[in-house]
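Try each task before reading its solution.

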Amino acid sequence: MQYTRRYVRIMPTAVTVALAAGLLTTTAPTAHAAAGATLPFTSVEAESATTTGTKIGPDYTQGTLASEASGRQAVRLNSGQRVEFTAPSAANALNVAYSVPDGQTGSLNVYVNGTKLAKTIAVTAKYSYVDTGWIPGAKTHHFYDNARLLLGQNIQAGDKVALEAASTQVTVDVADFEQVAGAASQPAGSVSVTSKGADPTGQGDSTQAFRDAIASAQGGVVWIPPGEYRLTSSLSGVQNVTLQGAGSWHSIVRTSRFIDQSSSSGGVHIKDFAVIGEVTERVDSNPDNFVNGSLGPNSSVSGMWLQHLKVGLWLMGNNDNLVVENNRFLDMTADGLNLNGNARGVKVRGNFLRNQGDDALAMWSLYAPDTNSSFENNTITQPNLANGIAIYGGTDITVRNNLVSDTNALGSGIAISNQKFLDPFHPLSGTITVDGNTLVRTGAMNPNWNHPMGALRVDSYDSAIEAQVKITNTTVTDSPYSAFEFVSGSGRGFAAKNITVDGATVRNAGTVVVQAEAQGAATFRNVTATGVGAAGIYNCPYPTNSGTFTLTDGGGNSGWSSTWSDCSTWPQPGQGNPDPDPARNLAKGRPATATGSQDVYTPGKAVDGDANSYWESANNAFPQSLTVDLGSSEAVRRLVLKLPPSAAWGARTQTVAVLGSTDGSNFSTVVGATGYRFDPATGNTVTVALPGSTNLRYVRLSVSANTGWPAGQFSEVEAYLTS
């Protein structure tokens, strides 16, 4: 069973300032091994390809299509539009991460060097648009899905592979190019499931055939030949056996519940096939998992393709010395893998996880502590509701050389936490080693408390952290908010102590390097930062007067000596330093309000980075206005106003006045009422130049007329510092 695991926290309106020691000296951080898994495929982002479609993003706003995409960007294709990739290496197979509008299905046509293949890639919203209303702060999420295709031919590096939306709008995120080996041969002495009556066409029910083969092959191998096999109920009593397929592209089992057992004597080895489920929503009381419970000691899972399940492996009971390696976890509605207590000596390494609906990899020390277990050299991307890696309690745990990117909401890249959720819980103890990890665009805004979570978070949520937490050789790149966060997320002020951060490179942190909100202490050595958005340190106790966090300068630190001075406000990305990207759109993702809106066409649609969605005011009631809060006073020189680019939006003229304010109360006219013509022949876009003396935080657009519809309408309002 999966349990809700989230902050619910309200920030105080004002807190006192606690200043940290200056961190000034410079030395290079220690070199370390490359992070992430060795993967059998090469990924190419759609936004880097050639396209006749529309690029969306980047965006970090929870609940938007661009924010859940790899790299926070993707390409939207309307019917007939294409995105063309240049193959990075030899390949004969393609996997595509994509999204289609809710409730729709369709296909992608595939072209190789201009020649259309007979095969197409089916696309569907069936496994997307997940709602978890019982999780505070959750919104509809899980927009993307993955679909794969054997091309039926070999392509070479430099060949052109195009995807074309055939019948419905498709947003393409990333394409994985892979050279898939031929199907493996049956091992000598193995028991084939087809010899027990399994149907490789996927039409018949093969459940009993699998059970019979497992019973016959005790101490040996159950062989799953190439084909598709349908199971209608889970397997149990699995022990002392190897389940082996011909390869994860060749042997496919269709079931949402593969193994469900509370105990096993162990010696179970599962490898080289796919288990693809039919889970379309998250129901925490259902064991809709590849493995639910236990495989027993000295077991292994390797070379598997796991998709469309609730959880890949939800492991309870005795799984001593289990090895989970070189697997793919795609499109789960909850966790990828969770070691739910009593995991001793478990190694999870070399796996690839994309589009998980909760923590991608988690250890949760419920009932018994997870001990001497590790997550190493895994590649994790796009967990869309929680953390990339989460350690909830446990003894002597290691998180090493992982690559985590693009956490979307309610989570960090890595979380080291004493959040217990249920009792009996075993808090962190011994030594927690967090070494050699790379975190890219990780950390997210927590909507429950309107406050961000850092790329790497240490959280004394339900009890003080007494373990030795050693964070070494970390790389944090493009975090939208902070790099390191120390917090007691329950708001009860437990201490986060015994922490060392030794050797870290921080590039382009959106706000601060260290976000300290709990009492406690940490020593920092050899932490260098460049491109810090606001200040080096935010050190503000939560709750107020609950005790300060002490930052000790261990030497070798540089680039983050300043402290954010106003604990009554949270710094916005880029605030306090020169803007690292003066060409960025200041309005995207910012709070927007309006005098009224029609149906679902709410003000936020005008600043979501998506030109196809739009705000529409109340009808037949001019004037109407839309107001955007840029977050701080800016020297805005240009506004770009858009309507959807579709030809269905006929040309129209809107009469618009631009007003501005620095306090949100007193507005003055910046540009008087002017008629602006929006024409689909020119992209339905107009540009409004602002006077050179304009400095404003709030931009208000007052619409007094529209020749195309009796309302104010904008699909995007963009604000720029450049003329």
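The model is predicted, so local features need pLDDT of at least 70 and side-chain atom pairs count only at pLDDT 80 or more, while totals for chains, interfaces and linings use all residues. Residues are numbered from 1 along each chain as its sequence is written, and side-chain values use heavy atoms, with hydrogens and water left out.

**Exercise 1.** Find which strands stand at the edges of the open sheet of 5 strands.

*Solution.* Step 1: write down the order, β51-β53-β58-β55-β56, with antiparallel pairing. Strands are DSSP runs (E, at least two residues), numbered from the N terminus, and two of them pair if DSSP finds at least two bridges between them.

Step 1: look for strands with a single partner. These are β51 (592–594) and β56 (668–678), so one side of each has no neighbour in the sheet.

Step 2: β51 is joined to β53 (residues 624–634) by 3 bridges, and T593 stands opposite T627 in β53.

**Exercise 2.** Work out where N319 sits and which backbone atoms its side chain reaches.

Step 1: follow the side chain of N319. One of its polar atoms lies 2.9 Å from the backbone nitrogen of L295, and the side chain also reaches the backbone oxygen of M316 at 3.0 Å.

Step 2: list contacts (heavy atoms within 4.5 Å). Beyond its neighbours within four places in sequence, N319 touches residues including G293, P297, N342 and R344.

Terms used: Helix = DSSP H or I, 4+ residues; strand = E, 2+ residues; numbered from the N terminus. Polar contact = N/O pair within 3.5 Å; in protein donor to acceptor, adjacent residues only side chain to side chain.
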